[in-house]
Amino acid sequence: MTITVLIADDHAAVRAGLGALLDEPDDILVIAEAADGEAVVAQAVRHRPDVVLLDVQMPRASGIDAIPAILAAVTPPPSIIMLTTFALDRYVDEALAAGANAFLVKTVSAAGLVDAIRRVHAGEAVLAPEVTRRVLERLAAARPPVVPAPAPAHPGLATLTPREREVLEQLREGLSNAGIATALGLSEATARTHVSRILVKLDARSRVQAALIAERAAPGADSSASSSS
């Protein structure tokens, strides 16, 4: 299976370099390029790629602003990889909230980028190690020492089956489909099916969004589980 890729970056040299790098794997094909945040939406609609590589800072519209436009205009929606020089916490939060499946910095190795493209196309989420560390540190720092009254849980949590809640907990731990399958004694295909159903029920565009929903709703999640089927 060939994974088609659209590259969006305002620097022609960067686009050329990425194109040359991705020309090596037999299963990846760059089908289009874009130099700004508006052109990438038009190119995504025209070519319907499997994966979009997006820079954050681009003319006319940022890569982050382009994410919801791409996801709304293309069916089935492509996987989105943010690839940027600036791994600022604000960019990470905004990109993941908008529906990005991965956030990488441009120091990523060629092998790392190819692996990320394959993984997001398979339905996984990928964060640069330094980004993952900061996200977890900020989540931990945000937890109050005294547990307050639980906030209303995400309405979709109450619709999850007990098995789906177990899978969601593994997503919250950052496991891949293969890791979930091993942890719960499932086949990888079954784990993938559970993940897809969870994303639909939580109205989440990516595994990262589902994991964040689980993390933020953790204090009230157990009580909502009692009403699940």
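Among contacts between residues at least 6 apart in sequence, what percentage join residues at least 24 apart? In this chain the figure is 67%. Keep in mind that the model is predicted. Here are my notes, point by point.

1. **Overall make-up.** The protein chain has 11 helices and 6 strands. Of its 229 residues, 45% are buried.

2. **The sheet.** As background, strands of a sheet pair through backbone hydrogen bonds, either parallel or antiparallel.

3. **How β1 and β2 join up.** Look at residues 3-8 for β1 and 28-34 for β2: the two strands pair in the parallel sense over 6 bridges. To get from β1 to β2 the chain goes through helix α1 (residues 12-22), and this β-α-β crossover is right-handed.

4. **Ile-70, a buried spot in α3.** Ile-70 belongs to helix α3, which spans residues 63-73. Its relative accessibility is 0%, so Ile-70 counts as buried. What does Ile-70 touch, not counting residues up to four places away in sequence? The contacts are Val-40, Val-41, Ala-44, Val-52, Leu-54, Pro-78 and Ile-80. Take Val-40 from that list: Ile-70 and Val-40 are 30 residues apart in sequence, with a C-alpha to C-alpha distance of 8.1 Å.

5. The peptide bond from Thr-75 to Pro-76 is cis, with omega near -5°. Pro-76 is in the loop between α3 and β4 (79-84).

6. **The buried side of α8.** Helix α8 takes in residues 177-184, and its buried residues are Asn-177, Ile-180, Ala-181 and Leu-184. Why are they on the same side of α8? Because they cover an arc of only 100° around the axis. The general rule behind this is that an α-helix has 3.6 residues a turn, so residues three or four places apart point the same way. What covers the buried residues of α8 includes α7 (162-172), α9 (188-201) and α10 (207-216). Just after α8, Gly-185 takes a positive phi of about 70°.

7. **α8 against α9.** These two helices pack at an angle of about 110°, and their axes are 8 Å apart. At that angle α8 and α9 are therefore roughly perpendicular to each other. On the α8 side the residues involved are Asn-177, Ala-178, Ile-180 and Ala-181, and they meet Glu-188, Ala-191, Arg-192 and Val-195 in α9. Two of the names here, Ile-180 and Ala-181, are also among the buried residues of α8.

8. Leaving aside neighbours within four places in sequence, His-194 is in contact with Arg-163, Glu-164, Val-167 and Leu-186. Also worth a look is Glu-166: 28 residues separate it from His-194 along the chain, and their C-alpha atoms are separated by 9.8 Å.

9. **Two non-glycines with positive phi.** Arg-48 has a positive phi of about 50° although it is not a glycine. Arg-48 lies in the loop between α2 (37-47) and β3 (51-54), and at 44% relative accessibility it counts as partly exposed. Asp-203 is not a glycine either, yet has a positive phi of about 55°. Asp-203 is in the loop between α9 and α10, and with a relative accessible area of 70% it is exposed.

Notes: Residues are numbered from 1 along each chain as its sequence is written. This is a predicted model: local features need pLDDT of at least 70, side-chain atom pairs count only at pLDDT 80 or more; totals for chains, interfaces and linings use all residues. Side-chain values use heavy atoms; hydrogens and water are left out. Two strands pair if DSSP finds at least two bridges between them. Helices (H or I, at least four residues) and strands (E, at least two) are DSSP runs, numbered from the N terminus. A crossover is right-handed if, with the strands pointing away from the viewer, the path from the first strand over the helix to the second runs clockwise. Buried means under 20% relative accessible area, exposed over 50%, partly exposed in between (1.4 Å probe, protein chains only). The arc is that of the directions from the helix axis to the C-beta atoms. Contact means heavy atoms within 4.5 Å. Axes are lines fitted to C-alpha atoms, for helices over the stretch in contact, and angles run from 0 to 180 degrees between N-to-C directions. Angles under 35 degrees count as roughly parallel, over 145 as roughly antiparallel, 65 to 115 as roughly perpendicular and the rest as oblique.
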